[in-house]
Amino acid sequence: MEPNAREKRYSVSRPIYNTPSFEMASERQERQVGSSLWDRLHKSCGCSSKGSLRMLKRCLPVIDWMSRYPIKEWLLSDVISGVSTGLVCSLQGMAYALLVSVAPVYGLYSAFFPILTYFLLGTSRHISVGPFPVTCLMVGSVVLSLVPDHPSVLVGNVTVTHPNGTDEDLETRRIMVASTMTVVVGLFQVAMGLLQVGFLVRYLSDPLVGGFTTAAALHVFVSQIKIVLSVPTDSHNGPFSIFKTLIDVFTNIGQTNIADLVAGLLTIAIVMAVKEVNTKFQHKIPVPIPIEVLVTVLAAGVSYVVDLDSRYGASIVRSIPRGFAPPQPPDTELFLEVLGSSFSTAVVGYAVAVSVAKVYAAKHDYAIDGNQELLAFGLSNVLCGFFSSFVASTALSRTAVQESTGGKSQVAGIISALLVLIVILALGNLLEPLQKSVLAGIVIANLKGMFLQVTEVPSLWRQNRTDCYIWIATCLACVVLGLDVGLLAGLVFEMATVVIRTQFPSCSSLGNIPGSDIYRNMKDYKNITEVPGVKIFKCNSPIYFANIDYFKERLRDTVGFDAVRVFKKRNKALKKIHKLIKKGKLQASEGGGVSVVSLGVDNEGFEVERDATQQVDVRVDWTSELPVSVSVPQVLIHSLVLDFSAVSFLDVVAVKSLRLVIKEFLRIGVSVYISGCDDDLIRRMESLALFDDVVTRDLLFLSVHDAILFIKMEVASKSTPNPIIDKDSKEPLPFTEEEDLIETYDNQPRAIHELSN
């Protein structure tokens with residue numbers, strides 16, 4: 001279609017509005033004040049049958065969705081999905097236990113208990129609750145720091161390594177640390193849910209989470225390499241721990257167990273290959289191939305038949321006791337030691353789970369409650385902590401299995417928990433010959449999706465370099481400093497980018513598209529004109545204490561002069577002119593007297609002119625050559641329009657500076673108008689006392705076009721482009737070229753000796 005071939009037009013005829021006239025014409029009313037805290041508490045605590053049922057359904061979402069559960073349509077799909085997911089949960093739980101540095105059986109517990117609580121309290125129908133490699137690694141780093149493999153003590157000047165008791169003692173102490181940290185994580189999440197602060201997770205942007213999880217995947221990979229190779233390494237935690245672990249691995253690589261290495265590499269290759277087949281033919285295969293289950297069963301059988309443990313020294317699972325460990329309370333003495341790491345783990349676990357839940361909620365058209373999710377995961381983790389389990393979240397791969405196999409609700413989750421229960425009670429001992437390198441291989445194979453996030457970096461660079469910097473900075477910080485400190489560093493860097501972007505906002509000079517009321521950046525269009533004698537300045541950011549100086553700098557660059565410097569130079573020129581007149585070297589105007597101009601300071605801190613003797617009629621054209629040797633900057637505009645349509649708020653510092661800026665322009669004869677302010681911004685201006693006798697609400701206009709039309713009318717009617725305000729009448733005082741004017745600032749008169757532009 002040719003340009004303008006079928007363009008549609010609209011025509012509007014309305015008055016030119018400034019804010020006061022618009023409010024009067026539209027009968028502005030005051031907003032109703034919200035109900036008091038007491039009223040809200042009374043209403044929330046009020047008891048009625050409907051309100052009680054609604055509150056019960058909100059606290060226990062299972063009551064709501066189970067009452068509407070379509071058994072005939074959904075039950076069979078949930079059963080099939082639950083069986084498939086349960087097999088994956090069992091194996092991933094055992095595998096992820098290696099990341100926590102505890103026995104695989106505790107991974108089975110961690111795959112069972114959180115599902116029970118989430119079934120009752122969760123709002124997502126599709127996520128599979130259980131261990132997540134990133135949170136497992138964060139817990140594992142704390143476990144290794146508090147209960148290392150080979151603790152050393154200093155005897156005299158010699159460091160002596162002592163065994164940390166028996167293997168059973170080591171395991172007991174480690175699971176105590178892991179379960180205690182899990183309880184603290186749960187308490188943090190419950191507290192955040194009760195305080196309704198689920199919105200805080202929004203500060204973890206997608207680039208930050210992407211960089212963090214990619215770095216976490218690298219940490220997981222390095223931690224599993226030593227298990228695949230079956231080489232001894234020291235326990236490292238904190239900054240540069242990943243590099244220290246790699247040094248240990250390569251130092252002891254000569255001790256690699258070939259049987260474990262072969263089993264691990266085969267597991268990685270087979271699992272990744274079959275997962276690719278599942279992905280490629282997902283629409284043709286009714287149920288994804290449970291490759292982790294098949295590989296695990298086959299590897300356990302081979303290990304049992306060949307006796308890899310005794311013949312080749314392979315590292316195997318060895319012991320999976322039937323049943324559950326007795327519940328035990330957390331060690332409260334460890335609370336302070338795990339406090340910081342627990343908070344970061346709580347935030348990461350919740351952020352990952354909610355992100356995955358939102359993806360499937362959008363896909364299947366239902367909503368999740370972020371604060372209820374905090375309560376669900378928090379109580380799940382508290383329960384896990386009392387039953388020798390570790391932190392629960394969700395894993396994208398496991399959730400994808402539950403959804404892709406037809407899961408419709410958390411009934412599939414309960415069925416998967418029943419399958420895990422069967423493994424714990426009856427089938428666990430069959431997996432005792434399984435090599436740990438096979439479990440490590442399963443963990444590494446499931447990291448592919450996290451590592452592929454690196455491919456997003458080039459597109460991020462093209463789309464938004466700031467987001468790319470956040471991704472890279474977070475990833476590097478987490479690799480070098482560790483996951484907890486690295487996440488904090490990435491968050492600080494992200495917040496810094498936000499501050500910097502608002503501290504140095506995008507500002508522009510606007511022009512008019514001919515024949516329209518549209519105003520755009522002068523640099524972006526060819527068919528655009530600048531309004532003669534008017535500068536239109538737009539700031540695309542909130543204006544506050546951190547960017548007000550930058551705002552003034554950009555405004556000065558846009559108008560092409562410094563209003564304060566212009567004022568001082570004009571005063572200097574006027575003083576010299578008066579001296580020349582007094583000495584008789586310069587002819588004053590007819591009827592004029594002799595005047596000496598002195599300077600004073602008004603209440604706003606501005607320099608003003610005062611007559612020491614008598615008023616003189618001096619008319620100066622500042623655009624022409626002056627009779628004195630003073631270089632006065634040229635002022636080629638008579639009006640300035642500030643477009644605040646993109647300004648969301650002002651603070652007290654910004655308002656004070658803005659008032660001074662307006663007065664600086666007014667005293668050199670440049671009118672200032674502000675356009676595009678919404679009602680909330682105007683209320684904020686009023687509450688921060690922007691307006692006074694000089695800076696009035698009359699300078700506010702609904703739009704840039706309203707302000708421009710008003711300026712043109714003022715110029716056409718020969719009235720001043722600078723409305724001089726009389727303090728008593730508060731009305732503009734018109735003046736012409738022939739008149740000598742007195743402008744009043746805080747009861748201090750100042751002579752204006754210039755021609756209007």
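**Close-up views of a predicted protein chain**

**View 1. Here is the whole chain.** Of the chain's 757 residues, 48% count as buried (under 20% relative accessible area, with a 1.4 Å probe and protein chains only). This is a predicted model, where local features need pLDDT of at least 70, side-chain atom pairs count only at pLDDT 80 or more, and totals for chains, interfaces and linings use all residues. Residues are numbered from 1 along each chain as its sequence is written, and side-chain values use heavy atoms, leaving out hydrogens and water. The chain holds 27 helices and 16 strands (DSSP runs numbered from the N terminus: H or I of at least four residues for helices, E of at least two for strands).

**View 2. Meet the largest nonpolar core.** It has 111 residues, and Val-100, Tyr-106, Val-134 and Phe-212 touch the most other members. A nonpolar core is a set of buried Ala, Val, Leu, Ile, Met, Phe, Trp, Tyr and Cys residues joined through side-chain atoms within 4.5 Å. Helix 14 (residues 335–363) gives this core its largest share, 13 residues.

**View 3. Now look at Val-134.** Leaving aside residues up to four places away in sequence, Val-134 touches Phe-212, Ala-216, Val-348, Met-450 and Leu-483 (contact means heavy atoms within 4.5 Å).

**View 4. Next comes a second core.** This separate core of 40 residues includes Phe-537, Val-566, Val-655 and Cys-677.

**View 5. Finally, here are helix 20 and helix 21.** Helix 20 (residues 456–463) packs against helix 21 (residues 465–481) at an angle of about 145°, with their axes 6 Å apart. Axes are lines fitted to C-alpha atoms over the stretch in contact, and angles run from 0 to 180 degrees between N-to-C directions. Among the residues making the contact are Trp-461 of helix 20 and Trp-471 of helix 21.

Terms used:
Buried means under 20% relative accessible area, exposed over 50%, partly exposed in between (1.4 Å probe, protein chains only).
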